[in-house]
Amino acid sequence: MPSLSSLRTLQRRACAVRSSPATRRYASHGHGPHYNEPTGYLFGEKPLPPGQKRKKEAWENVWYVGMYGTMGLAAVLLYYKPDTSIKSWALEEAKARMEARGEKP
């Protein structure tokens with residue numbers, strides 16, 4: 001087993017190697033900002049002069065059709081979803097058994 005003084009020496013050397021400028025790592029890497037600076041405008045778009053209309057980008061109509069079409073399809077599917085509740089099944093089963101015994105529901 002190595003002695004305590006030799007372990008301390010190894011630890012100092014390891015710390016010296018890690019803290020040298022060539023191996024030091026920074027989170028920002030020192031290349032300036034890596035994000036879009038805030039401009040104060042909504043979605044980074046400057047307001048248009050009065051009388052001009054905003055030109056849509058090519059993907060916007062596809063997004064609207066996809067988003068609202070999917071919501072409409074989901075609404076239709078939920079409306080026509082089969083009734084799978086236990087209460088509905090129990091009511092139908094009770095009526096069938098009462099009819100089988102000759103009782104009127």
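Trainee: Which residue forms a salt bridge with R54, and how far apart are the closest N and O atoms?
Mentor: R54 pairs with E60, with 2.9 Å between the closest N and O atoms. A salt bridge here is a side-chain nitrogen of Lys or Arg within 4 Å of a carboxyl oxygen of Asp or Glu. Before going on: this is a predicted model, where local features need pLDDT of at least 70, side-chain atom pairs count only at pLDDT 80 or more, and totals for chains, interfaces and linings use all residues. Residues are numbered from 1 along each chain as its sequence is written, and side-chain values use heavy atoms, leaving out hydrogens and water.

Trainee: Is E60 buried or exposed?
Mentor: E60 is buried, at 6% relative accessible area, while R54 is partly exposed at 44%. Buried means under 20% relative accessible area, exposed over 50%, and partly exposed in between, with a 1.4 Å probe and protein chains only.

Trainee: How many salt bridges are there by that rule?
Mentor: Four. One of them joins R97 and E93, whose closest N and O atoms are 3.2 Å apart. R97 and E93 are four residues apart in helix α3 (residues 86-101), about one helical turn. R97 is exposed at 52%, and E93 is partly exposed at 28%.

Trainee: And what does E103 pair with?
Mentor: R101, with the closest N and O atoms 3.6 Å apart. E103 is partly exposed at 39% relative accessibility; R101 is exposed at 59%. Salt bridges that share partners also join E45, R54 and E60 into one network.

Trainee: Back up a bit. How many helices and strands are in the chain?
Mentor: Three helices and zero strands, in the order α-α-α along the sequence. Both kinds of element are DSSP runs, numbered from the N terminus: helices are H or I with at least four residues, strands E with at least two.

Trainee: Which helix has the lowest mean pLDDT?
Mentor: Helix α1 (residues 4-18), at 73, whereas α2 has the highest among the elements, at 97. The chain mean is 84, and 79% of its residues reach 70 or more. pLDDT is the predictor's confidence in each residue, from 0 to 100.

Trainee: What about aromatics, how many pairs are there?
Mentor: Three aromatic pairs. W63 and Y64 are edge-to-face, 5.5 Å centre to centre with 75 degrees between the planes. The rings of Y64 and Y68 are stacked, because their centres are 6.4 Å apart and their planes are at 10 degrees. Rings of Phe, Tyr and Trp (its six-membered ring) pair if their centres lie within 6.5 Å; planes under 30 degrees apart are stacked, over 60 edge-to-face, and the rest tilted.

Trainee: Where do Y64 and Y68 lie?
Mentor: In helix α2 (residues 58-79), four residues apart, about one turn of the helix. W63 lies in helix α2 as well, and ring pairs link W63, Y64 and Y68 into a cluster. W63 is partly exposed at 43% relative accessibility, as is Y64 at 35%.

Trainee: Last topic, the surface. How much of the chain counts as buried?
Mentor: 2% of its 105 residues. The accessible surface comes to about 10700 Å², with 62% of that belonging to carbon and sulfur atoms. Accessible areas come from the Shrake-Rupley method with a 1.4 Å probe, and for residues only the protein chains shown count as cover.
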